[in-house]
Amino acid sequence: MGQVRTRAAPPRAAPAGPQVGWTDDPAYERFGLDAYFATTVHAGGEEYGTLCFGSESPRDRSYSDGERTFLDLMGQWLSYELEQQRRVRYLQESYEITSDPARTFEEKLQALFDLGSEQFGLDVGGMAKVFPDDDRLEVEYTSEECGPFRPGLEPPLSGTYCGAAYGADGPVTITDPVAEGYDGYAYEELGFEAYLGTHIEVDNGHDRLFFFTTTEPRTRPFTDAERTFLDLMGQWVNYELERRKHRRSQEKLYEITADSDLSFDEKTERLLDLGRERFDLEMGFLLEKRGDEFRVVKTQGTALEEGTARVSANPGNYCKRTITMETPLGVEDVTAVGWDDDPLYREYDLGCYLGTKVTDGDGVYGSVCFSDTDGRDREFTDADYAFLDLIGQWVSYELERDERERRLERSNDRLEESNKRLEQFAYAASHDLQEPLRMVSSYLQLLEHRYEDALDAEGEEFLAFAVDGADRMREMIDALLAYSRVETQGDPLEPVALEDVFESVREDLRMRIEGSDATITADSLPRVQGDASQLRQVFQNLLSNAITYSGDEPPRVHVDAERRDREWVITVEDDGIGIPADEQNRIFDIFDRLHSREEYDGTGIGLALCERIVERHGGEIWVESEPGEGSAFSFSLQPTAAGSS
Ligand code: ADP
């Protein structure tokens, strides 16, 4: 803060009242002062009052120089203290205004205008945007309208008070416009007689002028304290403007990255543009490191061709350095740091650089960076680095996601490929193997008919085994074919009434049901989204198993349906032989069986088929079982689109 200047008038002294003719002075009359010794005290550039000493008895000697100096000093000290108090009060008030979270920027600005007007003794506060190329201003805010002076007014820049402040380093004061050579627009047209204003430099935006002015002629000059105070206000406005700008670009960044309608390419393009605007740099790049080169994946503000343009990374360019660093790298002037030997510098004439590393999950991908052919006259700020870091992080995240999706796609492709191969194999198995198999079967039958008499009991038994083996093989091949075709040859999923499916399966199993004296009951079953013929196979297998693995008692099977959250869970429960806990996962594997064929007939593919079908329907299948008590097979299915049952 500047030094406080108090204009100390020489102390006035009167040795005796009547002698100097002060007898009509109210102080003399009221207090009967016969001696008086006083000095003026100032505060805020104005007279504040007097510091005085008096006596009822006249003084017989005049005041010495020493006494005069002492009084003078006392007066100066008082002025200084008063000034100090005033300053503290104003500072406190301005702090309260600017730190108030409940006020908007505009409200704070208005409150500062009021506070400043009061302190500086100027009636109007204002802020204007500078358009130096057009040599004009645009009034943005005013504390009050003053004739044509109001927001939207576009006064000229040169020759005005604001023009003077724009060209100056610190605050500018004008107290006598005509004498100081400012009898132009502000004085002539607007009638402003005095001015206190300061220039606010705004990075990558319009500079501003922040000022106070008045239509009343100014009787006293501005103090250093007033200049300092204005300077502080200007700094706060500057900080707020920057902050608002940062917040806006941050919001824009989120807006772009969260827009699900934009592709990665479009988003990158917009982010590069946003960065160029935010950092005030001409060019933006997304570069991918390929060996000793960087490939230009995306670029804005350059004439380079994306995808094909390459930047050599030898002998060591900016990006090569960037990708070894954890934090963004900024160079305001590449000649100053000796980077002008860089091929990139020579090739593209780059004067400054701001870049950060980009990763893609597996490691370093490349860099996202911004540059300009000009050097930069101000340093990159912490906020610049933080913003670039955000851009880099987003690009890395997207690339990682992209990579993950590509991997998923690749493994999906592989899965599809292997499904297809399985189906091809099963097709070949059913058609190509069935032919020789049929041959085996028919020759076995021939053997049976023609040489029946020639075979002894053992021979007949061997033959029976062979026939059985061939039958079994056919069954397995058919089942495998059905299994392989679940994904590729299923019907589209549509509303299916499970009630109907269940009834038709029960009808198909009628012989077995009657033969085993089984009781099969069901609750009412819902409509679900499914492939009717596949769901039929599920019921077929589960009910058939429930009958097969029933033990000695006649099977009792119950089917029910329960709504759980967003799905239906269908359960087929029996009171059969059950399944040991440690075998319960195995049974869903293809060809896996818990029993020999002598005990129970089967191919071991039924449950594997059920699982594959249920999975195609987006559901799950599981078993709960207690050996000797029974088993409950449950599977989940999606309700119909309308959600009705
Ligand atoms: P399969 O019945 O042809 O052997 P599955 O895949 O249908 O083939 O069944 C696999 C195994 O699971 C069966 O061999 C049997 O051991 C067991 N299993 C299936 N259903 C039941 C059930 N309801 N009760 C007891 N065990 C069962």
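Reader: Which residues is Arg512 in contact with, leaving aside its neighbours within four places in sequence?

Author: In this predicted model, Arg512 lies in helix H15, which covers residues 510-516. Leaving aside the neighbours within four places in sequence, the residues in contact with Arg512 are Ser544, Ile547 and Thr548.

Reader: Is Gln534 buried or exposed?

Author: Gln534 belongs to helix H16, which runs over residues 532-548. Not counting residues up to four places away in sequence, Gln534 touches Val486, Gly490, Ile613, Arg616 and His617. The relative accessibility of Gln534 is 5%, and since the cut-off for a buried residue is under 20%, Gln534 counts as buried.

Reader: Which residue has a side chain joined to that of Gln534 by a polar contact of 3.0 Å?

Author: Among the residues that Gln534 touches are Ile613, Arg616 and His617. The polar contact of 3.0 Å runs between side chains, and the partner of Gln534 in it is Arg616.

Reader: How are helix H3 and helix H4 oriented, roughly parallel or roughly antiparallel?

Author: Helix H3 spans residues 65-98 and helix H4 spans residues 105-120, and their axes come within 9 Å of each other. Residues of H3 including Arg86, Tyr90 and Ile97 take part in the meeting with H4, where the residues include Lys108, Leu112 and Leu115. The axes cross at roughly 170°, and because angles over 145 degrees count in this way, H3 and H4 are roughly antiparallel.

Reader: What is the phi of Asp280, and where is Asp280 found?

Author: Most residues other than glycine have a negative phi. Asp280 is found in the loop between helix H9 (264-279) and strand E9 (283-290), and at 46% relative accessibility it counts as partly exposed. Although Asp280 is not a glycine, its phi is positive, at about 60°.

Reader: Is Asp565 buried or exposed?

Author: Asp565 is found in the loop between strand E18 (556-564) and strand E19 (567-574). Its phi is near 50°, a positive value in a residue other than glycine. The relative accessibility of Asp565 is 74%, and because the cut-off is over 50%, Asp565 counts as exposed.

Reader: What distance separates the centres of domain 2 and domain 5?

Author: An automatic or database assignment divides the protein chain into domains, among them domain 2 (105-247) and domain 5 (494-637). Taken over C-alpha atoms, the centres of domain 2 and domain 5 are separated by 85 Å.

Technical notes:
Residues are numbered from 1 along each chain as its sequence is written. This is a predicted model: local features need pLDDT of at least 70, side-chain atom pairs count only at pLDDT 80 or more; totals for chains, interfaces and linings use all residues. Side-chain values use heavy atoms; hydrogens and water are left out. Helices (H or I, at least four residues) and strands (E, at least two) are DSSP runs, numbered from the N terminus. Buried means under 20% relative accessible area, exposed over 50%, partly exposed in between (1.4 Å probe, protein chains only). A polar contact is a pair of N or O atoms within 3.5 Å; within protein, one must be able to donate a hydrogen and the other to accept it, and residues adjacent in sequence count only if both atoms are side-chain atoms. Contact means heavy atoms within 4.5 Å. Axes are lines fitted to C-alpha atoms, for helices over the stretch in contact, and angles run from 0 to 180 degrees between N-to-C directions. Angles under 35 degrees count as roughly parallel, over 145 as roughly antiparallel, 65 to 115 as roughly perpendicular and the rest as oblique.
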